Amino acid sequence: MQLTKSDLRSWFWVFVLVLVLQAFPAPVSGNELTPGEAQAGSLLWRMQQGYTTATMLNTDVRIDISGLVARVKVRQEFRNEGNEWVEGVYVFPQPDEAAVDRMRLHIGDRFIEGEIREKEQAKKEYEQAKQAGKKASLVQQQRANLFTTSVANVAPGELVVVEIEYLENLRYEDGRFSIRFPMTLTPRYIPGQALPDRQGNGWSADTDQVPDASLITPPQVTRSQNHKISLTADVNAGMPLEIIASRYHPVNVTEQNGHYIVELSDQQTIMDHDFELVWKPIPSAEPRAMAFSETVDGKPYHLLMVMPPDQDDVPAAQMPRETIFIVDTSGSMHGVSMSQAKRAVNLAIKALKPGDLFNVIEFDSYTSALFPYSRLANGNNVSSALAFVGQLQAEGGTEMRPALKLALSMPAQETHLRQIVFITDGSVGYEDEMFSIIEQQLGAARLFTVGIGSAPNSLFMRKAAEAGRGSYTFISALHEVSEKMDALFKKLEHPQVTDIEVHWPSGVIVDSYPATVPDLYLGEPVSIRAQASNGFRPGEVVRITGNSVTGSWAADLDIDSSTASEGVAALWARARIGALADQERRGGNAEELRAGILQTALTHHLVSKYTSLIAVDKTPVRPAGDPLSSEQVPNLMPYGQSMHAACGFPATATSAPAMRIMGAAWLLAAFLFLVMIRTGRRRPRGRHL
């Protein structure tokens with residue numbers, strides 16, 4: 001077919017139209033944001049009069065540590081750099097066992113104290129205040145380790161400060177205390193079909209598998225001049241320390257009257273890597289048992305910790321082991337995280353003994369296993385495994401379920417103790433489903449989790465290990481892979497203390513958590529939170545018993561000599577709320593369990609899945625006629641991760657409105673194409689060639 005000049009002109013304009021359509025991305029409806037829009041390292045939001053830079057955010061943290069309890073105060077600044085009244089929404093991580101109990105809203109020289117409300121009531125009060133033009137702030141829990149702060153009616157150029165406080169008990173492992181403060185979060189993988197409506201402003205739509213996805217997927221930027229943090233910790237250990245150090249950030253340490261003051265060397269540190277503080281008492285003063293108590297409204301609460309047998313007293317396990325390594329190779333593991341994971345697996349494989357069995361399973365959007373079943377750790381099989389691990393690359397989605405089910409369904413050998421080592425950053429939005437799979441299909445196996453990356457999902461790591469009757473650890477830097485894996489090997493190789501029971505004095509009725517104490521591993525303590533019906537008589541002790549490879553084991557703890565400590569009651573309440581939520585997930589009576597969570601949270605003034613903190617100024621500040629825009633404050637991408645890799649997995653939760661608009665644009669292009677072709681071929685009447 002010969003093309004005329006008119007035909008060529010038609011094709012030219014179609015080509016131009018296609019270029020124009022490609023140059024403009026699908027419009028963002030309302031407050032929606034796609035990960036691609038955040039990749040440039042800056043965040044723009046569509047306001048009433050165009051685009052403006054997102055709210056600036058700075059954070060100041062104060063950690064006060066006394067004994068086993070830490071009170072953490074987080075001060076967040078929100079500044080409106082635009083020229084309109086806005087609402088700021090910020091999704092932020094917290095330790096998964098934190099008891100969030102206080103919130104203040106600062107406006108100039110004034111502050112408003114937050115009050116705990118049932119979640120729906122708090123949301124209603126916040127929306128009413130927002131519509132009335134009043135300053136208001138709302139703190140809601142989306143996950144046990146993920147919260148949202150909303151701040152309404154921030155004036156152009158105004159700075160609003162929100163202070164949040166929480167209580168947390170310290171971790172004690174291998175003779176060291178530690179506390180971890182999360183600074184950002186790894187983007188979660190969201191599977192499923194998009195739902196027609198959305199609850200939040202996140203980059204993902206809500207889906208049938210993760211109904212609250214839009215609430216847990218905040219925008220994330222690769223760099224920022226504004227996400228800065230200052231941090232100070234006051235450590236009152238109650239004993240001289242041999243070591244006190246920060247794992248990932250330079251710090252300055254001074255000693256004042258038996259307290260250790262720790263400050264970030266750079267008080268304007270970028271918030272892209274979790275902060276972890278570690279300290280070790282001088283060995284001669286290392287405690288074997290500790291008890292802390294608090295009385296609230298006449299009710300005594302206790303926090304107990306007893307160490308298992310010393311390392312020198314525990315022989316290595318005689319039973320050969322079967323170790324199945326599950327390695328996350330999804331897009332969120334790209335970069336440093338993948339290097340950490342591969343090095344960790346290599347070390348673990350090389351540490352296997354000839355009589356051990358092993359296998360390696362890797363997963364992203366798909367699952368594949370090195371062997372169809374576990375094989376002996378001989379030279380050939382180990383070499384094949386090292387080659388298999390060496391070629392692993394991070395890409396695709398985070399489909400954990402098939403990998404875990406494959407490991408749990410492999411035939412077990414009665415002659416070997418099965419241990420599953422799950423290496424991942426835990427960046428999924430369907431944690432509850434994973435916990436249920438572990439509980440239902442684990443059998444006699446034990447599950448250990450290794451949290452990889454600078455901002456792993458601590459909730460998944462702890463709860464998966466708890467459900468798997470195992471232990472967990474974090475690896476956040478390449479230089480600590482060997483240290484952390486060596487400690488894990490010792491736990492795998494030494495027998496756990498099993499069948500643990502807590503015996504309280506006669507006549508004392510207690511409500512304690514965990515209700516069933518999990519198996520214990522080398523260097524880990526028994527930790528119990530309890531509410532007692534009455535006080536203890538002088539000389540009464542709590543006895544903790546269990547079985548180890550050497551026979552029966554027991555330890556006594558004198559409650560009468562316990563130390564008074566603020567926050568023990570709140571930590572008990574947080575543990576009770578978590579236990580009731582687990583029963584709810586397992587299909588218990590939803591109405592009764594909700595009532596129990598609600599009553600506990602309201603009594604102890606805690607944020608939970610059914611309660612929120614609300615602070616409202618009584619005086620309207622936004623003129624009635626001025627519009628209010630909403631903007632989502634971004635988080636920084638974790639150190640060592642790529643925005644494209646983390647968010648570039650197959651999109652399973654697309655924006656339906658944006659797709660419809662783009663589809664309409666392409667239909668218009670096709671229509672114009674046909675019109676121009678027909679017009680170009682039309683010949684004037686009465687004219688002959």
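Please keep in mind that the model before us is predicted.

Four strands form an open sheet in the order E12-E13-E20-E16, and their pairing is antiparallel. At the edges are strand E12, residues 171-173, and strand E16, residues 241-246, each of which pairs on one side only. On average, neighbouring strands of this sheet are turned by 20° against each other, direction ignored. Strand E16 is joined by 5 bridges to strand E20, residues 275-281, and these two run antiparallel. Within E20, Trp 279 stands opposite Ile 244.

I return to Ser 178. Is this residue buried or exposed? Ser 178 is buried, because its relative accessible area is 14%, and buried means under 20%. Setting aside neighbours within four places in sequence, Ser 178 is in contact with Leu 170, Arg 171, Glu 276, Leu 277, Val 278 and Trp 279.

Next, the nonpolar cores. The largest has 75 residues, and those with the most contacts inside it are Ile 63, Ile 179, Phe 181, Leu 277 and Trp 279. Which helix gives the most to this core? That is helix H10, residues 568-585, with 9 residues. There is also a second, separate core of 33 residues, which includes Val 345, Val 360, Ala 377 and Val 450.

Apart from neighbours within four places in sequence, the contacts of Ile 63 include Ile 179, Leu 231 and Thr 232. Thr 232 is placed in strand E15, residues 228-236, and counts as buried because its relative accessibility is 14%. Not counting residues up to four places away in sequence, Thr 232 touches Val 61, Arg 62, Ile 63, Ile 261, Val 262, Glu 263 and Gln 267. The C-alpha atoms of Thr 232 and Leu 264 are 6.8 Å apart, although 32 residues separate the two along the chain.

Finally, helix H4, residues 336-350. Several residues of H4 are buried, among them Met 338, Ala 341, Val 345, Ala 348 and Ile 349. One of these, Val 345, is the residue already named in the second core.

Key:
Residues numbered from 1 in each chain as written. Predicted model: local features only at pLDDT ≥ 70, side-chain atom pairs only at ≥ 80, totals over all residues. Heavy atoms only, no water. Pairing = 2+ DSSP bridges. Axes fitted to C-alpha atoms, helices over the stretch in contact; angles between N-to-C directions. Buried < 20%, exposed > 50% of the residue type's maximum accessible area, 1.4 Å probe, protein only. Contact = heavy atoms within 4.5 Å. Core = buried A, V, L, I, M, F, W, Y, C linked by side-chain atoms within 4.5 Å.
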